[in-house]
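Here is a short note for your first look at this model. Please keep the 3D view open as you read.

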Amino acid sequence: MRIIIILLSKKLCDGEMKTLNQESLQKLVEAIHDSKPISGLTHAFYRYPARFSPRFVRAVIEAFTEPGEVVYDPFMGGGTTLVEALALGRQAFGTDINSLAVFITKVKTTAMSESDAQVMRTWFANAENWLNLRNPPKRSTEWIELGYQKNINGRTTWPIRKILELALANVSSLPKPNQQDFIRCVLLRTAQWALDCKKKIPSAKEFRAQCVEFFEGMVQGVIELQKVMKKCIEKSLHLDSIKPLCLQQSVVGIESAAINKKYLPPRLILTSPPYPGVHVLYHRWQVNGRKETPAPYWIAGALDGNGASHYTFGGRKQEYLRNYFGQALKAYSSLSKIADERTLLVQLVAFSDPSWQLPTFLETLQQAGFREIQIPDISSDKYDGDDRLWRQVPNRKFYAGQKGDITASKEVLLVHRLR
Ligand SMILES: C[S@@+](CC[C@H](N)C(=O)[O-])C[C@H]1O[C@@H](n2cnc3c(N)ncnc32)[C@H](O)[C@@H]1O
């Protein structure tokens with residue numbers, strides 16, 4: 001193993017990137033195969049579909065950047081990259097077109113004072129009085145009219161819907177926007193736990209108890225993140241503050257967006273884009289079987305209004321995934337315009353049929369101005385003889401996998417630089 005790593009380090013270092021020491025390379029290889037449940041800091045605030053393993057993200061950031069450098073995730077989803085970047089004292093920048101992703105990432109990366117936590121604790125302590133199913137309803141008329149409560153008014157789901165309505169009607173009594181958003185996120189997480197792909201919907205009483213338990217854990221998570229960020233600043237001579245920048249913005253056209261110069265060009269672009277041919281539901285929960293609901297947007301107070309294909313580079317039904325690769329070309333061309341010769345693009349990508357989609361994806365990146373740097377697989381778990389580093393994804397809710405299609409539950413590590 002030792003010999004292989006030395007050879008691999010040499011291959012990587014041949015003028016391609018920052019010298020990787022054996023330790024960080026070993027960490028990277030181990031981290032990519034990490035299958036532990038996601039936890040720590042603010043990572044468990046929401047189960048965002050196709051989210052990264054924080055351990056993998058940490059290993060990549062440590063391997064390829066120094067404190068104070070900018071890490072950008074253009075398809076940030078639930079913000080795993082931004083949280084880890086902040087915890088490692090890097091400047092964190094993220095974009096996503098999904099308002100839900102932006103809401104979640106902002107809450108996960110927004111500081112909170114002890115007095116904020118205390119105000120929210122008091123809010124929860126009073127909740128017993130008004131979070132009661134016997135109380136008169138407080139209907140969210142505007143959201144109902146827009147269809148955001150679809151499929152959550154059934155025999156088993158209405159008590160959860162009513163509790164959520166009562167809670168959301170009281171959120172505005174919290175004095176500060178960061179407190180209101182934090183509580184919305186607690187409700188969002190609890191509602192996801194209660195409704196999304198759940199066989200047995202919990203009672204209103206169980207929902208309330210879970211809400212309180214999640215709340216305390218989430219407060220600890222934010223406080224822990226603040227502590228590690230503070231330590232990074234104290235340790236580094238070159239760092240006086242770390243601030244996340246989190247925008248609802250498409251990657252297509254990012255080069256023309258008004259972005260603080262401090263974040264460009266990024267040192268590392270670490271991301272996972274929408275996957276070719278793989279059906280991932282970024283914007284809906286599935287209730288009582290396969291019934292889809294847009295309720296997460298109502299709870300987050302964020303508008304959606306888009307179909308699934310909006311979030312996945314176009315549908316996955318056309319021949320040769322023309323829409324997908326057309327959108328991908330535009331997105332990566334934009335990324336190449338904000339990168340420089342030092343920027344490294346590191347990605348994890350899954351495919352419904354890698355045999356033709358992987359070469360097409362690589363060709364698209366090349367057309368967009370990137371060249372690949374190969375990191376050969378040093379484990380025994382190779383995919384179909386391919387020399388790259390592949391990872392088996394644990395517990396992935398991929399819909400492509402439902403008909404016995406196992407390829408989509410493997411992801412490949414791709415590393416690129418500007419040509
Ligand atoms: C695979 S997910 C990212 C998950 C993320 N790595 C995490 O840890 O949660 C891909 C994301 O790309 C976003 N997306 C799709 N098209 C986009 C575009 N043109 N610009 C920015 N984001 C986009 C989707 O909304 C989705 O959140």
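1. Start with one term. A polar contact is a pair of N or O atoms within 3.5 Å; within protein, one must be able to donate a hydrogen and the other to accept it, and residues adjacent in sequence count only if both atoms are side-chain atoms. A polar side-chain atom of serine 272 lies 3.2 Å from a nitrogen atom of the ligand. The protein covers 99% of the 620 Å² of accessible area that the ligand has on its own (Shrake-Rupley method, 1.4 Å probe).

2. Know the ground rules. This is a predicted model: local features need pLDDT of at least 70, side-chain atom pairs count only at pLDDT 80 or more, and totals for chains, interfaces and linings use all residues. Residues are numbered from 1 along each chain as its sequence is written, and side-chain values use heavy atoms, leaving out hydrogens and water.

3. For valine 251, a backbone N or O atom is 3.0 Å from a ligand nitrogen. For isoleucine 97, the distance from a backbone N or O atom to a ligand nitrogen is 3.4 Å.

4. Now turn to aspartate 73.

5. Aspartate 73 does have polar partners. Its side chain makes a 2.8 Å polar contact with the side chain of threonine 81. A polar atom of the aspartate 73 side chain also lies 3.5 Å from the backbone nitrogen of methionine 76.
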